Amino acid sequence: MRLSCAVHRTNTALTIARLWLCTVRGWGRSTGQGSFLTQSHRAGSAERVDLVELKPSFSLLKKMGDRFNTPLRHNDLVQRFDAAGAGLVPGQRVRVRVTQQHRWGVMVEILGHEGIGASIDGAAIDSSSGVGRAWLGEYPAVGTEMDAVVQEIRRWSPPAWARLTIRSQDLHSFQWLCDFCGTSTVLSPEGDGVVMDVRSADGPGSHTIVTHRECLKSRLHESSSEHARVDSVGRR
C-alpha cells in the first residue's frame, strides 16, 4: 500500500510539473473544454490531460512538502522574471528600433534582446538647442534603427526594463557614478568600471551595482582569491 501511494504521488507531481512547463514555455494550449493539450518536445506526440483530475494535486503536493519539511513556495512555481535581458550590461552598445513616441521619450526594441522592454528618455537624447533635454520634435521617428548604449537595467520588480541613451557623448564613452566612492567610472569597453548583479535565493528580483575595478578590489579581503578575477573579467 505504501509503495502504491508513493508511485501515485510521484506520477501526479510529474504530471503537474510537465503541465506547468508546457504552459510557461508555450508547448501546449487549452482545449477550452476543461482539458489541456500538451506537445511532447522529444517525440512530437500530443497528450490530453484533464484539468479536473489535476485540481486536488496541488494540495497533495503541499502536504507532501510539509511532511518532508520542504514546503512549496510561490517562487518554486513561477519563472524568475529577472532572467530577462541577462545578456545586457550598462555601458554595452546595442542596436535598437523605435516603436513609439511619447512626450517623455521613445519606446524602443533592442534587436536581439526582444524579451525585455526598453525606452529612451528625452534627457538621454541630444538637443540641437543646447538644453539638457530634447523636445518631442527632436525625437527619432518611429521605425528608425540606430545605435544606443545601455544606461540602466531595472530588475528589482517586474517587468524587467532597460533604459538606454543615444547622446553622442555616451556613445563615445559612457560614464556612471561608482556606488562605492561616488565618482564617475567609465563603463564603455576599455573603461575602468564593472557592474555586479545582486540576487537572492529568497525570490526573484535583482539590482545592479556599479563600481570601479579598484574600488571593488579594495573591499575584498586580502586573503580572497577574487582580486585577479576582478581585473580579468571581460578582458580575456
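The model is predicted, so local features need pLDDT of at least 70, side-chain atom pairs count only at pLDDT 80 or more, and totals for chains, interfaces and linings use all residues. Residues are numbered from 1 along each chain as its sequence is written, and side-chain values use heavy atoms, with hydrogens and water left out.

Five strands form a closed barrel in the order β4-β5-β6-β8-β7, and their pairing is mixed. Neighbouring strands of this sheet are turned by 50° against each other on average, direction ignored (axes are lines fitted to C-alpha atoms, and angles run from 0 to 180 degrees between N-to-C directions). Strands here are DSSP runs of E, at least two residues, numbered from the N terminus, and two of them pair if DSSP finds at least two bridges between them.

Ala118 has Ala162 in β8 as its bridge partner.

Strands β11 (residues 193-200) and β12 (residues 203-212) run antiparallel, with eight bridges between them. A hairpin of two residues connects β11 to β12. Asp197 stands opposite Thr208 in β12.

Strand β11 also gives the largest share of the lining of the largest pocket, three residues. This pocket has a volume of about 290 Å³ (the space filled by probe spheres set on grid points, which are joined across faces, edges and corners). A pocket is an open set of points on a 1 Å grid over the protein atoms alone, where a 1.4 Å probe fits, with protein on both sides within 12 Å along at least five of seven lines; lining residues have an atom within 4 Å of a point. Of the 16 lining residues, Leu187, Ser188, Pro189, Gly193 and Arg213 lie nearest the centre.

Technical notes: Helix = DSSP H or I, 4+ residues; strand = E, 2+ residues; numbered from the N terminus.
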